[in-house]
Amino acid sequence: MFGIGKKCFFCRKKAVSPRCYVADTGKQVSVCVHCVPYAERRAFRKC
Ligand SMILES: [Zn+2]
């Protein structure tokens, strides 16, 4: 399968079904399902 190839912002692994978040720097990042709690804790906003 040809994935998008996005890597998770936190664990740096290839995110299977990445969620889009906006970091506090204003940059859009991909976060895998496992790391969504980290993003929530860091007050990342959903795109
Ligand atoms: Zn991750």
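1. Let's start at Ser30. Leaving out residues up to four places away in sequence, Ser30 touches Lys6, Lys7, Cys8, Phe9, Ala15, Pro18 and Cys20; here two residues are in contact if their C-beta atoms, placed from the backbone, lie within 7 Å. Ser30 sits in strand S2, and Ser30 is buried, with 20 other C-beta atoms within 10 Å. For the cut-offs, buried means 20 or more other C-beta atoms within 10 Å of a residue's own, exposed means 12 or fewer, and partly exposed is in between, with C-beta atoms placed from the backbone. Pro18 is 12 residues away from Ser30 along the chain, yet their C-alpha atoms are separated by 5.4 Å.

2. A word on what you're looking at. This is a predicted model, where local features need pLDDT of at least 70, side-chain atom pairs count only at pLDDT 80 or more, and totals for chains, interfaces and linings use all residues. Residues are numbered from 1 along each chain as its sequence is written.

3. Now the overall layout. Helices (H or I, at least four residues) and strands (E, at least two) are DSSP runs, numbered from the N terminus.

4. On to the sheet. The three strands make an open sheet in the order S2-S1-S3, with antiparallel pairing. Strand S2 (28-31) and strand S3 (45-46) are at the edges with a single partner strand each, so one side of each is left without a neighbour in the sheet. Two strands count as paired if DSSP finds at least two bridges between them. As background, strands of a sheet pair through backbone hydrogen bonds, either parallel or antiparallel.

5. Which strands make the hairpin? S1 and S2 do, with five residues between them. Gly26, in the turn, has a positive phi of about 90°. The two strands pair in the antiparallel sense over four bridges, and Val22 stands opposite Gln28 in S2.

6. The other pairing is S1 with S3. Strand S1 (residues 19-22) is joined to S3 by two bridges, and they run antiparallel. Val22 turns up again here, with Arg45 as its bridge partner in S3. Lys46 is also part of strand S3; Lys46 and Val22 are 24 residues apart in sequence but 6.1 Å apart in space, C-alpha to C-alpha. Not counting residues up to four places away in sequence, Lys46 touches Cys20 and Tyr21. Is Lys46 buried or exposed? Lys46 is exposed, with 11 other C-beta atoms within 10 Å.

7. Next, the inside. Of the 47 residues of the protein, 23% count as buried. The largest nonpolar core has nine residues: Cys8, Phe9, Ala15, Tyr21, Val29, Val31, Cys32, Cys35 and Ala39. A nonpolar core here is a set of buried Ala, Val, Leu, Ile, Met, Phe, Trp, Tyr and Cys residues joined through C-beta atoms within 7 Å. Ala15, one of the core residues, is in contact with Lys6, Lys7, Cys8, Ser30, Val31 and Cys32, leaving aside its neighbours within four places in sequence.

8. Contacts across the chain deserve a line too. Among contacts in the protein with a separation of 6 or more, 22% are accounted for by residues 24 or more positions apart.

9. Arg12 has a positive phi of about 65° although it is not a glycine. Arg12 lies in the segment before S1 and is exposed, with 10 other C-beta atoms within 10 Å. Ala43, not a glycine either, has a positive phi of about 65°. Ala43 lies in the loop between helix H1 (36-41) and S3, and Ala43 is exposed, with 8 other C-beta atoms within 10 Å.
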